[in-house]
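Open the model in your viewer and show it as a cartoon. We will walk through it stop by stop, selecting one piece at a time.

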Amino acid sequence: MTLTFTVTHSPRDGGGVCLRLAGELDLSTSGELNDTIDRLAAEGERHLLLDVSALTFCDSTGIAAFVRGDNRASAAGGWLRLTGARGRVDRVLQVTGLADVLRYVPDAVDPTVSPRA
C-alpha cells in the first residue's frame, strides 16, 4: 500500500502562506515540499506556516526539508513554523530537537503569534 503525499498552500490572514502537508514525508516525497518552498520563495514569500496535522510520517529527509525551508526563509528575513503535529510526527519533532529550532508549540492554535520565553 502506497500512501500519497500532498502539499497545498493558500494565503494566510495577516500575510504569509499556509502550506498543508498530508500523507508521508520521506525520501520519495520531500522533493515536492522543497520545490514548493523554493517556488514560493522565488515569488517573494518569506513567512511560511506548515500545517502538518494530516502528516502521518516524517523521516530524516522530511526533517531536512523543514530545516532547509527554515534556513531559506530566515536568510530572506522571514520564518518557517510548524503547527498541528500529532503522534509519530510530533515525537520526531521533539526527539530531534527541531521543535525548539522551529519554535514549535504543540498546543498553539497559531504558533506565529505565540509568545516564547
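What share of the contacts in the protein with a separation of 6 or more comes from residues 24 or more positions apart? The share is 63%, where contact means heavy atoms within 4.5 Å.

Before you start, note that this is a predicted model, in which local features need pLDDT of at least 70, side-chain atom pairs count only at pLDDT 80 or more, and totals for chains, interfaces and linings use all residues. Residues are numbered from 1 along each chain as its sequence is written, and side-chain values use heavy atoms, with hydrogens and water left out.

**Stop 1: the whole chain**

Colour the cartoon by secondary structure. Follow the chain from the N terminus and the elements come in the order β-β-α-β-α-β-α-α. Of the 117 residues in the protein, 41% are buried. Buried means under 20% relative accessible area, exposed over 50%, and partly exposed in between (1.4 Å probe, protein chains only).

**Stop 2: the sheet**

Select the four strands. They make an open sheet with the order β1-β2-β3-β4 and mixed pairing; two strands pair if DSSP finds at least two bridges between them. At the edges are β1 (6–11) and β4 (79–83), each pairing on one side only. On average, neighbouring strands of this sheet are turned by 20° against each other, direction ignored. For angles like this, axes are lines fitted to C-alpha atoms (for helices over the stretch in contact), and angles run from 0 to 180 degrees between N-to-C directions.

Now go through the pairs:

- β1 and β2 run antiparallel and are joined by six bridges. Show T6 and you will see A22 of β2 opposite. The two strands form a hairpin with five residues between them, and G14 in the turn has a positive phi of about 90°.
- β2 (residues 17–25) and β3 (residues 47–58) run parallel, with eight bridges between them. E24 stands opposite F57 in β3.
- β3 and β4 also run parallel, joined by five bridges. Pick L48 and its bridge partner in β4 is L80.

Stay on β4 for a moment. Are its faces covered or open? Both are covered: W79, R81 and T83 on one side and L80 and L82 on the other are all buried. In a regular strand the side chains alternate between the two faces of the sheet.

**Stop 3: helix α1**

Select residues 30–42. This is α1, which lies across β1, β2, β3 and β4 and runs at about 170° to β2. Show the side chains of S30, L33, N34, T36, I37 and L40, the buried residues of α1. Seen down the helix axis, they fall within an arc of 160°, so they line one face of α1; the arc is that of the directions from the helix axis to the C-beta atoms. These buried residues pack against β1, β2, β3, α2 and β4. After α1 comes G44, with a positive phi near 100°.

**Stop 4: helix α2**

Next select α2, which has 16 residues. Which of its residues are buried? They are G62, I63, A65, F66, G69, D70 and A73. They cover an arc of only 155° around the axis, which puts them on the same side of α2. Turn to the other side and S60 and A75 are exposed. Among the elements covering the buried residues of α2 are β2, α1, α3 and α4.

**Stop 5**

Centre the view on L21. Leaving aside neighbours within four places in sequence, L21 is in contact with residues including F5, V7, L33, L50, V52, L55 and F66. In soluble globular proteins, nonpolar side chains tend to be buried together.

Key. Expected span 1.5 Å × (residues − 1).
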